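The following exercises are to be worked with the sequence and the model at hand. Each task is followed by its solution in steps.

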Amino acid sequence: MASEKNLRHILLEYLVIACLASFFLCITLSPCFAYDLKDKVKEFTLKNGLKVLIVERHASPTVSLYISHETGAVDEEDGHTGTAHFLEHMMFKGTETIGTKNFEEEKRILRKIHDAGNALDAELIKGEGADVRKTENLRKQLEILQREAGKWSIPNEIDRLYTEKGGGDLNAFTGQDLTSYHVSLPSNRIELWARIESDRMTSPVFREFYSERNVVMQERKQTVESNPGRKLMEQFLAAAFMAHPYRRPVLGWAPDMRFLNIDYTKEFFRTYYAPNNTTITIVGDVSPEEVMKIIKRYFGRIPSQKIPIRRVTEEPVQSGERRVKLVSDASPSLIIGYHKPTLPSFDDCVFDVIDTILSGGRTSRLFKALVEKGIAVDVNTSNGYPGARYPNLFVVSAEPVSPHTCGELEEAIYKELDILKKEPVKPEELEKVKNQLKADILRSISTNSGLAGMLSYYEAVTGSWQYITKFPDLLEKVSQEDIMTAAEKYLEPRNRTVAELVRKK
Amino acid sequence: MKRYIVYAAVFIVFLSSCAWHGASVTDPDDIVYAPLRFEPPKAQRVKLENGIILYMLEDHEIPLVNISAVIRMGSFYDPPGKEGLAEITGTVLRTGGTKSMTSSQIDEELDFIAGKITVSVGTDSCTLSMSILEKDIDKGLQIFFDILTNPVFSEEKMETAKVLKIEALERISDNPQKIAFREFRRLMYHGDPRGKLSSVESIGKIERDDLVKFYKRFFRPRSVMIALSGDIEEKDAVRKLKNSLGKWDISGGPGKPPPPPIRVGSSLTYIHKDTPQSVIIIGQPAPGKKSPDYYAFEILDFITGSGGFRSRIFAEVRNRMGLAYSAGSFYSPRTEYGIFGAYAMAKDSSTVDALSAITKILDNVKDRGVESGGELAWAKESIVNNFIFSFATPNRIVTRQMMLEFDGLPDNFLKKYKDNIEMVGLDDLRYVAARYLSGESRIVLVLGNKEKFSKPLSSFGDFYMEKNSTENREN
């Protein structure tokens, strides 16, 4: 869970797909100490179920604003992978009142685009059996209609409005469990944010749906297909999970992405972006009373929705090692993962400690055994991958220094994991690790956006941000025995998946 | 907590009767905002007797202290044939132990108090930074200054650093963007030390003695500036610094490196790599921060490609044409010189289309400047409104102020920045566009697999010379 380590960023990159450019804001998953959050967080709930968390910080007249919807790729049905992330792209296309010259006129054409696009997809999905003349006609028709629609729309208005009023860090991320929209603004501009965000939570317009599909295909090419590490991670997850949706990439499988469906995306939006499935988090130079007036005025009218019972297939217990190989023209790398429970299970907290013992800083065990010895260029561990609403994985990843092999790294890693099972961690080492976890939390909440991100994450994933304030006590309880027991129970060969990138000969 | 929940309930009742009518029809452009009044705190500047300059700002929100020392040293000074020496020196400065502590003692002590010390080496500066809990400040500072003033560069740690750096260099060939941007740097700084990059061979030649000499040449009090912010009293901080660093007394130090020669001529470079997505980068020399053209060029870059979704390259290449996920421009101004670049990561088959689209945008800007006052107003408003974030945290304020002095910029640079941006007019944009975006000083770099391009690169125009280059070419 904790620190700012290089590889964690790579893992997070995979978990969280950013929308604008290639920036990834890392949601750090660590709770807080020595900084009394309990009294600083003010919590409100509107009648429609919308949750609001506010922390005042007056160092500068700026504010960080998060909107987090408790949904993500796990809520997609098979065949529709990539919808949650694509919806996030669509949310930047404007609303009925933002981004249009005349919505009545525009709507007429958008309806025709909707019909033509669906008809074209219905034909194309037949594959070789598709009627070539029909698809050509539909394609042309769609192109003409899109040009026509372009006459009525004003592209990129949301971005323009925010940018012009001094907005920064405008970004959105879709993960397996959580979708967040974030912006930082000068603190006098909160009403602009409320105006835009409440409007897009009510009536977004999915303009440029079909050309944006091409953009996400490009995003996949850029971030997965030209990136051997990410590709390996994709293969790894698909092997580690047989049944649970965590097996699927957030970005979607390419064949599904080609047919991302406008109606399905709209329905996904209507259901999961409901106010009763959403938390707003605000940290910065604000007065809670003033902000609540604005929030109530703009968001209070959005109707709540019935959130369906989520039917997510539980992952069957793994009963033997799984191995995957990816052959690619790239340097070797290795990923090893073990199934484990998620928050707020005590074992998850034990794994935070194990995580830091293994890779927190230069004196961590794996760093010393692999990087200091010059056999790995980097090594990292991550607790809680690729999501945290459901049981997840503890992941170790490393890249060998040539001519050392992934096999050697595996052996060295297993050796360290075995020590965890057999020898109690020395009290000084345990204390060091707890100190590190505490300090990492302080670092991550030192910025407004860091604190806002953390509050909204825990609110969404555990049901209450207060998990953060309970974490210190949990951490203190983690004992030498707990570590040995958890290592023994979860870090065993039949519970693991190993993925290896092998260079093409 | 209860109190606030009750509070919220009151608002719900009160506002639901009168609210949302107005809300749904307000044009977002018509929202009226209260003025923003803010006088950013100014960092204190202290000069120690030995020449070290300190900038300091208190911040008691979180019990942490941040300190960074910037030193005039960097890859610019790498001796020919030993490119990478500055970087390895920086790495081993941190990992190689000191006169009083071994490498592992330092790591153990720091990790125990959860302190973090990192080094980063740039072209003409090296930064040693630490983040430490307030309660451990004394221990932290002792280690930090020990590393800064008494490093011993152990042979063993240097060997590890070299092995890791060589592996990292070899792994660059896995990453199309890294290959392309490295080559871009070489091309932009051709004939200047800034264009000389480390290679497996040059790293291999580095010896411990090189590190020691390099350190001695650059690490001198007069070449060091320190920024300190966080949960510590100002006079405490100054006293601690005087105690630890006051005795460090060696005079001299390097002068500022001269700017690179102005590159003339244009070229087209093709790098072969079988990848589904091509990398396109176009570069031009641009004004530095001291140039009177700086402000106009900031705006020009914003409009051309760095101002988000609305900027021209993004809107055209990503939005309208759907050819790329990442496309835009960047402008990196240094004090005396700068670089402007435009880029796109495009689908292999549409490489030449994306390249033509970007070139067309640049040519259009060069020939006509920016014709719409609306676009200029949008760029100015965006830049000016966002400027407040330069002062978002005390750490940012203090670091910025220190870097102004380090870079030789006037200390009212930030204060005047907004006014200078406001003063830019359409004429200024036309002038800088014509001056800096000329096709005659434009380099074009394309990485990808030519065979998959739907149009040949030559269709892009025979104006440019084409040269081939292999992916792992060194220097």
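A nonpolar core is a set of buried Ala, Val, Leu, Ile, Met, Phe, Trp, Tyr and Cys residues joined through C-beta atoms within 7 Å; a residue is buried if 20 or more other C-beta atoms, placed from the backbone, lie within 10 Å of its own, exposed if 12 or fewer, and partly exposed in between. The model is predicted: local features need pLDDT of at least 70, side-chain atom pairs count only at pLDDT 80 or more, and totals for chains, interfaces and linings use all residues. Residues are numbered from 1 along each chain as its sequence is written, and chains are lettered from A and ligands numbered from 1 in the order in which they are written.

**Exercise 1.** Determine how many residues the largest nonpolar core has, and which have the most contacts inside it.

Solution. Step 1: the core has 191 residues. Step 2: those with the most contacts inside it are I282(A), I354(A), L370(A), F144(B), I226(B) and V398(B). Step 3: helix 17 (residues 448-462) of chain A gives this core its largest share, eight residues; helices are DSSP runs of H or I with at least four residues, strands runs of E with at least two, numbered from the N terminus.

**Exercise 2.** Decide whether I232(B) is buried or exposed.

Solution. Step 1: locate I232(B) in the loop between strand 6 (224-230) and helix 10 (234-245) of chain B. Step 2: I232(B) is buried because 24 other C-beta atoms lie within 10 Å. Step 3: beyond its neighbours within four places in sequence, I232(B) is in contact (C-beta atoms, placed from the backbone, within 7 Å) with E58(B), V65(B), E134(B), I137(B) and A237(B).

Technical notes. Two residues are in contact if their C-beta atoms, placed from the backbone, lie within 7 Å.
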